[in-house]
Amino acid sequence: MKNSKRWGRRVLSALAAAAVLAAVPVGAAGNGKSKGKPPASSHRYIEVQLLGINDFHGQLNVTRKVGGREVGRADYLAAYLKQREAENKNTLLVHAGDAVGASPPVSALLQDEPTIEVLNKLGFDVGTLGNHEFDEGVAEMLRLIHGGYHPATGDFAGADFPYVSANVVDAQTGKPILPPYVIKRVNGMPIGLIGVTLTETPTIVTPSGVAGVKFIDEATAINKAVRELKKKGVQTIVVLAHNPGVSNPDGTNASGEIVDIAKNVDDEVDVIFAGHNHAYLNAVVDGKLLVQSYSYGTAFSDVDLKIDPRTKDVVAKKAEIVTTYHDGITPDPEIRALVEKYEAKVAPLVNQVVGTAAETITDEQNESGESALGNLIADAQRAAMKTDFAFMNPGGIRADIEQGEVTWGELYNVQPFNNQLVKMTLTGAQIRQLLNQQWQPTQTRMLQISGLRYTWSASRPVGEKVIDIQLPDGTPLKPDAEYTVTVNSFLADGGDGFTVLTHGTNREVGPVDLDALVTYIRQLSQPFSAQIEGRITKLQ
Ligand SMILES: [Zn+2]
């Protein structure tokens, strides 16, 4: 998903098995649409099953709730996948990106190697890149895929299955950094699987994360791969696309980027697995079956194909989005043991108590755009770097701080991105520009602030919404004066469209944002709290 909090949220203590999350709508029923004539006698056809997940985000041990029932966790997901696999040996397991990144400590503290290990154990056949695979840069992403050494974890063997990516290319050579597609043979039927990642990725991950690569148009890249596959006699073609889409449970009202992509790609494409917006999608658009199964292992997509062995093409297809309810299934013991092994490895750090929250501190913004948790985080960052001001992107705040004892693991879930803090110098005029950049043509992102207060008006045009900016003592910010500012590395690189921050001077890199928050909370008098204080005021 994007580096903003639009969909999933409220990841509670990573080791708490019964963490409760906001319910997401359930759509367990399939909508069995198919292309072409129904088979006269189905035994002539080869039945192939594709089981897909998207946006798993390393949620190995996080339980969520759907309609009051527990869902999620790798061991339950594994049980469901194995159950479906047992029903049809002609099965491929696929993922459509964001398998790793923004993950809980059990995976993140070990460089997300545990998640790749789980996918290996489940026998995944192919995956593609989401935006979050780029969180720690291309080299680390390729290390997770191909294997290699990391100082935190040592040697790692990598993924046992290929990653495909047709539209992420080397910025120098223009060549894809991974194979654009693979061909899997299932019961003699060649199936081409093509990968693409949303072209907006460079605007939603830390710019250093995508240094050295370019994202080319998804449909163009898919069509090139389709041409090559057709030349090789492959007629059954599946796309793994980390691009958003959503539909009604009955398949009507399909919308999102993936719908446009579907319309623009060759009609030889049979199925597209979408992702990124953590939504339900099960629809036929332009003859292509589009699916997405929410996120975090709370559901998976089960696509059933009938392939004519003479033409090697799909004659019928349907999908079901299956929710991974815990009741009624036994978690897979092999995957459970693996997850518990990794939990034990990270437990000492995760369970450390950092402080005690007097009340729940949320990132819920008031009408002006200020939140209590945003204030706490911005204060922590300003204190860590000893600057005049701090600015925090709201999308980087991923969970609330619950009342009571606060563990390191809970704070990790609040700030999971491992962004380093960056100190820089900006003029008063640049700070005004920064605040005005909160209102962008398609989205408003209210920065959480520390060390200043300001007023803004909704009735003023974009670029001029900010009115008075004041220092804590009430003196106005001087356009020509220089001020020191702390932001995280995502913002410092111009993330979320805050381009003025790329012009900051005297840059100095500091601790990881999470460490700054931990340090800050530890030195507060306990129990600690945080409030909305009127730092941001919307004028009527
Ligand atoms: Zn994504």
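These legends accompany several views of one predicted protein model.

**View 1. The whole protein at a glance.**
The protein has 13 helices and 28 strands. Its C-alpha atoms fill a box of roughly 80 × 45 × 45 Å along the principal axes. How does its radius of gyration fit with that of a compact globule? For 540 residues, such a globule would come near 24 Å, and the protein has 24 Å, which agrees. Buried residues make up 60% of the 540 residues. The protein exposes about 19,900 Å², and carbon and sulfur atoms supply 51% of that area. If we take contacts between residues at least 6 apart in sequence, 77% of them join residues at least 24 apart.

**View 2. An open sheet of 6 strands.**
Here you can follow the strands in the order β8-β5-β4-β1-β17-β18, with mixed pairing. Which strands lie at the edges? They are β8 (163-164) and β18 (313-323), and each pairs on one side only. As a reminder, strands of a sheet pair through backbone hydrogen bonds, either parallel or antiparallel.

**View 3. Strands β1 and β17, side by side.**
Now look at one pair from that sheet: β1 (residues 46-53) and β17 (residues 299-308) run antiparallel. They are joined by 7 bridges.

**View 4. The largest nonpolar core.**
In soluble globular proteins, nonpolar side chains tend to be buried together. The largest core here has 75 residues, and F134, L376, I401 and L411 have the most contacts inside it. Helix α1 (residues 74-87) gives the most to this core, with 7 residues. Both domain 1 (42-344) and domain 2 (351-539) supply at least three residues each. There is also a second, separate core of 29 residues, which includes I449, L452, L471 and L491.

**View 5. The surroundings of F134.**
Which residues is F134 in contact with, once its neighbours within four places in sequence are left aside? They are L129, M141, V168, T197, T201, V205, G209, V210, V213 and F215.

**View 6. N419, a loop residue.**
You will find N419 in the loop between α10 (408-414) and β22 (420-427). Is N419 buried or exposed? N419 is buried, because its relative accessible area is 8%, and the cut-off for buried is under 20%. Not counting residues up to four places away in sequence, N419 touches T206, N488, S489, F490, P511, V512 and D513.

Key. Residues numbered from 1 in each chain as written. Predicted model: local features only at pLDDT ≥ 70, side-chain atom pairs only at ≥ 80, totals over all residues. Heavy atoms only, no water. Pairing = 2+ DSSP bridges. Helix = DSSP H or I, 4+ residues; strand = E, 2+ residues; numbered from the N terminus. Core = buried A, V, L, I, M, F, W, Y, C linked by side-chain atoms within 4.5 Å. Buried < 20%, exposed > 50% of the residue type's maximum accessible area, 1.4 Å probe, protein only. Domains from an automatic or database assignment. Contact = heavy atoms within 4.5 Å. Rg over C-alpha atoms; globule rule 2.2 N^0.38 Å. Areas by Shrake-Rupley, 256 points an atom, 1.4 Å probe, with all protein chains shown as cover.
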